[in-house]
Amino acid sequence: MANVRNLKKDINYVLGDIIEAVYLFEIATTGKPTDETNALIDEAIVSFDSLIGKVNAKNVENKKAHFKQINVELEQVANQLITKINALQ
């Protein structure tokens, strides 16, 4: 991993793109938010806050392993959210 700044950017870009995909779905289908799309956006925001909080944690023993774990979590959260977006009707 290059540095913490790039990890923060990755988190921001990935979850931002997921939120944008939800908005595009809304525009393409109903033209307005639904309960399901609002729940997905809220979940993405909560995930963002959680991951950034973990990145900013100061009392970490093994930083390299900690940041690798955050990267893995980001990938898992993103895949789950994308699956939920694809399941929207």
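Figure 1. Ser47 sits in helix α2, which covers residues 35-55; helices are DSSP runs (H or I, at least four residues; strands are E, at least two), numbered from the N terminus. The model is predicted, so to speak of local features a pLDDT of at least 70 is needed, side-chain atom pairs count only at pLDDT 80 or more, and totals for chains, interfaces and linings use all residues. Residues are numbered from 1 along each chain as its sequence is written, and side-chain values use heavy atoms, with hydrogens and water left out. With a relative accessibility of 14%, Ser47 counts as buried (buried means under 20% relative accessible area, exposed over 50%, and partly exposed in between, with a 1.4 Å probe and protein chains only). Setting aside residues up to four places away in sequence, Ser47 touches Leu15 and Val77; contact here means heavy atoms within 4.5 Å.

**Figure 2. The whole chain, for orientation.** Here we step back to see where the close-ups belong. The protein has three helices and zero strands, and reading along the sequence gives the pattern α-α-α. Its C-alpha trace spans about 50 × 20 × 20 Å along the principal axes. Of the 89 residues, 28% count as buried. Among contacts with a separation of 6 or more, 68% come from residues 24 or more positions apart.

**Figure 3. Helix α1 against helix α2.** The axes of α1 and α2 are 10 Å apart and the helices pack at an angle of about 175 degrees; axes are lines fitted to C-alpha atoms, for helices over the stretch in contact, and angles run from 0 to 180 degrees between N-to-C directions. That makes α1 roughly antiparallel to α2 (angles under 35 degrees count as roughly parallel, over 145 as roughly antiparallel, 65 to 115 as roughly perpendicular and the rest as oblique). Residues of α1 that take part include Leu7, Ile11, Leu15, Ile19 and Val22, and those of α2 include Ile41, Ala44, Ser47, Phe48 and Leu51. By class, the contact of α1 with α2 has 16 nonpolar, four polar and two charged residues; Ala, Val, Leu, Ile, Met, Phe, Trp, Tyr, Cys and Pro count as nonpolar, Asp, Glu, Lys and Arg as charged, and the others, Gly among them, as polar.

Figure 4. Val4 belongs to helix α1, residues 4-28, and at 30% relative accessibility it counts as partly exposed. Apart from its neighbours within four places in sequence, Val4 is in contact with Val55 and Phe67. From Asn6 to Ile18, twelve residues apart in sequence, the C-alpha to C-alpha distance is 18 Å.

Figure 5. Glu26 lies in helix α1. Glu26 is buried yet has no salt bridge, a salt bridge being a side-chain nitrogen of Lys or Arg within 4 Å of a carboxyl oxygen of Asp or Glu. The nearest side chain of opposite charge, Lys32, is 11 Å away (Lys and Arg count as positive and Asp and Glu as negative, while His and the chain ends are not counted). Beyond its neighbours within four places in sequence, Glu26 is in contact with Gly31, Lys32, Pro33, Thr34, Thr37, Asn38 and Ile41.

**Figure 6. Helix α2 against helix α3.** Helix α3 (residues 63-87) packs with α2 at an angle of about 175 degrees, their axes 10 Å apart. The two are therefore roughly antiparallel to each other. Among the residues making the contact are Leu40, Ser47 and Leu51 of α2 and Phe67, Ile70, Leu74 and Val77 of α3. By class, this contact has ten nonpolar, two polar and four charged residues.

**Figure 7. Two salt bridges.** The structure holds two salt bridges. In one, the side chains of Lys84 and Glu43 meet at 2.9 Å, N to O. This pair links distant parts of the chain, with Lys84 in helix α3 and Glu43 in helix α2, 41 residues apart. Lys84 counts as partly exposed at 37% relative accessibility, and Glu43 as partly exposed at 27%. Glu73 forms a salt bridge with Lys54, and their closest N and O atoms are 2.6 Å apart. Glu73 lies in helix α3 and Lys54 in helix α2, so the pair ties together parts 19 residues apart in sequence. Glu73 is buried, with a relative accessible area of 18%, whereas Lys54 is partly exposed at 31%.
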